[in-house]
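User: I would like to learn how to read helix packing and salt bridges in a structure. Could you take me through an example?

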Amino acid sequence: MLSTPFSTATSPCTSPPPPITTHQPPHSPETLASLITTSKTIKQLFQIHAAVIRHGFHNHPLVNFKLQRSYSSFNRLHQSLTLFNLTPNPNVFFYTSIIHSHTLHNLHLPGIKLYIQMISQDINPNEFTFSAVLKGCPLDSGKLIHPHVIKLGFDRNMHVRTALVDVYSRSGDLASALQLFDTMPERSLVSLTSMITGYTKHGDLVNARALFDAMTERDAVCWNVMIGGYAKYGKPTDALTLFRKMMRAKMNPDEVTLVVVLSACGQLGALESGRWIHSYLQNNGIHVHMNVHLGTALIDMYSKCGSLKDAQLVFNKLKNKDVIAYNSMITAYAMHGLSQEALVLFRSMCRMHTRPTDVSLIGILNACAHSGLVSIGKGVFLSMKVKHKTEPTIEHYGCMVNLLGRAGYVEQAYGLVKNMKVDPDPVIWGTLLDSCTLHRNVRLAEEIVKFLVDHNLANSGTYILLSNLYAATSDWAGVARMRTMMKDHRVYKEPGCSSIEVHNKVHEFVAGDMKHPNSEKIYMMLDEVNGWLKDHGYAPQTDIVLHDFGKKERARSLEVHSEKLAIAFGLISTEAGSTIKIVKNLRVCLDCHEVSKLISKITRRRIIVRDRNRFHLFEDGSCSCGDYW
DNA sequence: GTAGGGTTAG
C-alpha cells in the first residue's frame with residue numbers, strides 16, 4: 001500500500017525523492033515543478049508531492065498547478081480536485097485545467113459546474129477555457145455556453161469554433177454544425193474531421209465521404225473516422241476497401257485504424273483479412289497482449305470469423321483484461337454454443353473483481369439459451385438485480401423469452417412479456433412468434449398477432465413469422481392470406497444473403513442468384529450435390545418456404561437458398577478437405593441445416609456457418625449446435 | 001502554466 005500525501009501529509013516519506021541533477025538549488029520550487037512534470041509514475045509523483053509539503057511549497061502557485069495537472073494525467077482526478085479545492089483563489093489556469101480534466105473523464109456536468117463557479121467568482125474564461133468546457137459536452141449545455149463564447153469574442157478562434165462545430169455535429173444538429181463550419185474563418189483538418197464525424201455518427205456516409213474526398217491533407221484520425229463510419233453502419237466491405245486505399249496512400253494505420261478494420265473483418269467473416277491485420281501487428285512490433293483495445297478487437301474478429309481457438313489464444317495471453325475483453329470472450333463462447341465455458345469464464349471474471357455489465361449478462365443468458373439451460377438462465381436472470389445490481393433491460397427480457405420459448409415454455413415466455421416492467425419491442429414479439437413457429441403453437445401465435453395488429457404494433461416481421469408458421473403446419477391458405485396482407489401493407493421479406501471469403505475476396509450470394517461470374521459452374525455443382533443428397537435418401541423439407549408454390553417449385557426454391565449457393569461456390573473454389581466458412585444475415589433454415597450436415601459427411605469437409613445468432617460447425621454429418629438453435 | 005477531431009463487447 002502506497003502512502004499518499006493526502007492520507008499522510010505530515011508523516012515522513014518512506015522512500016527518498018529521485019536524485020536531483022539540475023544546477024537549481026535543491027528543492028527550489030522551480031526544481032520541484034520540473035520534477036513533477038517529468039515524473040513517470042504515480043509513485044514518483046507521491047514522493048515529489050511529499051517533498052513539496054516537507055519544504056513548505058504547497059501553496060506555491062506553479063508547483064500546485066503542476067501537481068494538479070499531473071494527478072489528473074495519472075488518472076487521479078479525485079486527488080487533482082482535492083488540490084484544486086485547497087488552492088486559495090484559483091486563477092483561470094487552475095480552472096481551465098480542472099475543467100479539462102473533468103471533460104477528459106467524461107464528467108461534463110461537474111465540469112460545467114466548475115465553469116459556472118468560475119464565472120460567479122468574476123474570473124473571465126478565455127479561449128482555452130471554452131475549448132476545455134465545450135469538448136464533448138452535451139448539446140443543451142453547449143447551447144447555453146455558445147452565447148458566452150460570442151459575447152466574449154472567442155467564436156473566431158479555431159479551437160473554440162471547432163469545439164462548437166463538434167458539439168452540434170455530435171448531437172445530430174448537423175444543420176447548426178454545418179452553418180458554424182461553413183462560416184469558419186478557415187477550415188482545419190480537425191474541424192473537417194469533426195464535421196465528417198457528425199455525418200458518420202448519424203449514418204450520412206455520402207456527405208461524410210464527399211467532405212473526406214475533398215480534403216487537401218489527411219491524417220490517420222480522419223481516415224479512421226471514415227473507415228469506422230463504414231464499419232459501424234453496416235458497410236464493412238467499403239471499410240476494407242477504404243483501408244486498402246489508405247495503405248496505398250502510404251498513410252500508416254494506427255491502433256484505432258486496426259481496431260475498426262478488425263471490426264469490419266468480423267462483420268464480414270473475413271478471416272484471411274483479419275489474420276493479415278494480426279500479422280501486420282506482429283511484424284510492426286505491436287504487442288497485442290499488452291494492448292487491450294487491439295486484443296479485444298482480435299478476439300471479436302476471430303470469434304466472428306469462426307476461429308474460436310484463435311480467439312482463446314489471444315484472450316489467454318492478454319494482460320490487464322477489462323470487462324470489455326471478458327465480455328467479448330463470453331459472447332464468443334455463447335455464439336459458438338460453448339455454454340459451460342461461458343459460465344466458467346463469467347464466474348472467474350467475478351472472482352477477479354471485474355464487475356459484470358449488462359452485456360456480460362446478455363452473453364450468459366444467450367449461452368444458456370443456446371444450450372437449453374433453462375434453470376441456470378432463470379437463476380442468473382433473477383440474481384441480476386440483487387447480486388449484480390443491474391436492472392433487466394428489454395434485451396435481457398429478450399434473452400429470457402428466447403431461452404424459455406426455444407426450450408418449449410412458450411406460454412411462460414408470453415407471461416414474462418405480459419408482466420415485464422418495460423414496454424415490449426418488435427424484437428421481443430418476433431422472438432416469441434419464432435418460438436410459436438418452432439413449437440407449432442398456432443393458437444398463441446394468432447393471439448399475439450391479433451394483439452399486435454389491434455395495438456398497431458405489427459410490422460413486416462409479424463406477417464412473415466405468422467406466414468412461416470402457417471407454412472410449417474401446411475396451412476397454405478393461411479400463407480396465402482398472409483401474402484395478401486403483406487402486399488396490402490407493402491411489407492417485404494428481408495432477402496437472405498450469404499457470403500464466403502475465398503482468397504482474400506468476399507463473395508456474396510442472395511437466393512436464386514445468377515449474378516456471380518461463375519454462376520454456371522456453381523449451379524452445376526449444386527446439381528451434383530442434389531444428386532448426392534438423393535443417393536443418401538434425402539428429401540428436401542418443403543415446409544419452411546414462404547411462397548405458396550407447388551411442391552416441386554417449393555423444392556426448387558429451397559435448392560437455391562443463398563447459403564447453398566455459397567457452399568457450392570466454396571466446394572468448387574477451395575482446396576479439397578479445407579474448411580468452408582459462410583456468413584449469413586438470417587437464421588439458418590431447417591432444410592439448409594440438414595443439407596449442410598449431409599454435405600459435411602459426403603465431402604468430408606468442415607462447414608462453419610455464422611447465422612444471425614450463432615455459429616454452426618458441421619462435421620461428419622452433425623452440427624455443433626446439437627440441432628438446438 | 002491552460003485548448004479542438006478517431007477505438008473495442010450485445
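Analyst: Start with two terms: a contact means heavy atoms within 4.5 Å, and a buried residue has under 20% relative accessible area. The model here is predicted.

User: Which helices do the buried residues of α21 pack against?

Analyst: They pack against α19 (323-335), α20 (339-351), α22 (374-387) and α23 (394-406). Helix α21 itself covers residues 358-371, and 10 of its 14 residues are buried, including Leu361, Ile362, Ile364 and Leu365. From first C-alpha to last, α21 reaches 20 Å, close to the expected 20 Å.

User: What follows α21?

Analyst: Glycine 372 does, with a positive phi near 70 degrees.

User: Now the salt bridges. How many are there?

Analyst: A salt bridge needs a side-chain nitrogen of Lys or Arg within 4 Å of a carboxyl oxygen of Asp or Glu. By this rule the count is 15. In one of them, arginine 587 pairs with aspartate 434, with the closest N and O atoms 3.4 Å apart. Arginine 587 sits in the loop between β3 and α32 and aspartate 434 in helix α25, so the pair ties together parts 153 residues apart in sequence.

User: Which partners does lysine 597 have?

Analyst: One is glutamate 594, at 3.3 Å between the closest N and O atoms; both residues lie in helix α32, about one turn apart. Another is aspartate 627, at 2.9 Å. That pair links distant parts of the chain, since aspartate 627 is in the segment after β6, 30 residues away.

User: Is lysine 597 buried or partly exposed?

Analyst: Lysine 597 counts as buried, at 9% relative accessibility, while aspartate 627 is partly exposed at 42%.

Note on methods
Residues are numbered from 1 along each chain as its sequence is written. Chains are lettered from A and ligands numbered from 1 in the order in which they are written. This is a predicted model: local features need pLDDT of at least 70, side-chain atom pairs count only at pLDDT 80 or more; totals for chains, interfaces and linings use all residues. Side-chain values use heavy atoms; hydrogens and water are left out. Helices (H or I, at least four residues) and strands (E, at least two) are DSSP runs, numbered from the N terminus. The expected span of a helix is 1.5 Å times one less than its number of residues. Buried means under 20% relative accessible area, exposed over 50%, partly exposed in between (1.4 Å probe, protein chains only).
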